[in-house]
Amino acid sequence: DIVAAELKAAHKPEDAFETLVFLPEGQGRQGEGGLRTKGYFKLSTADKPLITVVTVVFNGEKLLEETILSVINQAYDNVEYIIIDGGSTDGTLDIIKKYEHAIDYWVSERDKGIYDAMNKGIDLSLGSGIVFMNAGDYFVGEVLNFIKNIPCLLRVKCKNFLGLVKELMFKNPKQGMPYCHQGIVFDNKIKMHYDLSYSISSDYDFLIKKGVEKQPILNSTGYVYYDDNGISSKNIILRDKESSKIIMNNFGFFYYCLFIVKSWVKVKIKKLLRVIV
């Protein structure tokens, strides 16, 4: 009750919706738990902002444990960890329960896909900043301890289509997703939802609406490892179709045409490189 009163007092008129302490029961709920269900809550302080890390997962028993360990082992001691499971039928819940002592809140129930699950995480988040680390993504070394300002960009490494590990750089946001969402600590003071009308590129739409701009990438000893093997990398045609619509709506016809041409060239170059390699 005390925490609920504090949250209500902190709520501002411009906020799009109230922060939820717990999710109302959804379809096919298999359980919920974590520190919140035992009466323990975390809040931001002036000298140590709370950072919410959200992990969404569905049947991710092979990937989830590494993600969890990388979050709960961060040295920064004001991290709120939320896991949204889409009603897994494998051993995912067993892994979540194994680390329940270090998870602030978890829930397992059906959802409408990855962005719906991420929206649930947003609804539950109490942090001044929020970052999405889905099953298969993980921190390597210390990352959160180096955060000085929110929003900010975290160092990110991933494997490219040739299997080579590369460090990401922030690209032109008018020409598609400029940076992966795993590498962005979003400002969470005014909450915003992912648009469910986009099945693959809603993270791009979300980033533009949030107004994330190019800035120095965090100078940390560690980094985020991004699993670039998700649905968007497997369905490039749909991803680019949705991205082109977002570009047209936000930046106009010129950048729309430029994106279409660049996308076509990229596909041709990748096919050629795969043949050569």
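The accessible area comes to about 14300 Å². Carbon and sulfur atoms hold 56% of that area. Keep in mind that this is a predicted model.

Now switch to cartoon. The chain has eight helices and eleven strands. Colour by burial next: 46% of the 277 residues are buried. Then draw the contacts. Of those with a separation of 6 or more, 77% join residues 24 or more positions apart.

**Stop 1: helix H4**

Select residues 114–124, which form helix H4. How many of its eleven residues are buried? Ten of them are, and the helix is mostly covered. The buried set runs through Tyr115, Asp116, Ala117, Met118, Asn119, Lys120, Gly121, Ile122, Asp123 and Leu124.

Four strands are included: E2 (51–57), E3 (79–85), E4 (105–108) and E5 (129–132). Helix H5 (202–210) is also part of the cover.

**Stop 2: strand E8**

Select residues 156–159, strand E8, and show side chains. Which residues make up the covered face? Val156 and Cys158 do, while Lys157 and Lys159 lie on the uncovered one. In a regular strand, side chains alternate between the two faces of the sheet.

Bring in the partners of E8. Strand E11 (residues 223–225) pairs with E8 in the parallel sense, over two bridges. Look for Val156 opposite Val224 in E11. Strand E9 (residues 165–167) pairs with E8 in the antiparallel sense, over three bridges. Here Cys158 stands opposite Lys166 in E9.

**Stop 3: aromatic rings**

Show the rings of Phe, Tyr and Trp. The count of aromatic pairs is eleven. Zoom to Phe22 and Tyr105: their ring centres are 5.9 Å apart and their planes meet at 55°, so this pair is tilted. The two residues are 83 apart in the chain, and the pair links distant parts of it. Phe22 is in the loop between helix H1 (2–10) and strand E1 (31–33), whereas Tyr105 belongs to strand E4.

Are these two residues buried or exposed? Tyr105 has 0% relative accessibility, so it counts as buried. Phe22 has 36%, so it counts as partly exposed.

Move on to Phe253 and Tyr256. This pair is stacked, with 6.1 Å from centre to centre and 25° between the planes. Both residues lie in helix H8 (residues 253–276). They are three residues apart, about one turn of the helix. Phe253 counts as exposed because its relative accessibility is 54%. Tyr256, at 27%, counts as partly exposed.

**Stop 4: Ser243**

Select Ser243, in helix H7 (residues 236–251). Why does Ser243 count as buried? Its relative accessible area is 5%, and the cut-off for buried is under 20%.

Now show what Ser243 touches. Leaving out residues up to four places away in sequence, the contacts are Ser201, Tyr204 and Phe259. End the tour with these side chains on screen.

Note on methods:
Residues are numbered from 1 along each chain as its sequence is written. This is a predicted model: local features need pLDDT of at least 70, side-chain atom pairs count only at pLDDT 80 or more; totals for chains, interfaces and linings use all residues. Side-chain values use heavy atoms; hydrogens and water are left out. Buried means under 20% relative accessible area, exposed over 50%, partly exposed in between (1.4 Å probe, protein chains only). Contact means heavy atoms within 4.5 Å. Accessible areas come from the Shrake-Rupley method with a 1.4 Å probe; for residues, only the protein chains shown count as cover. Two strands pair if DSSP finds at least two bridges between them. Rings of Phe, Tyr and Trp (its six-membered ring) pair if their centres lie within 6.5 Å; planes under 30 degrees apart count as stacked, over 60 as edge-to-face and the rest as tilted.
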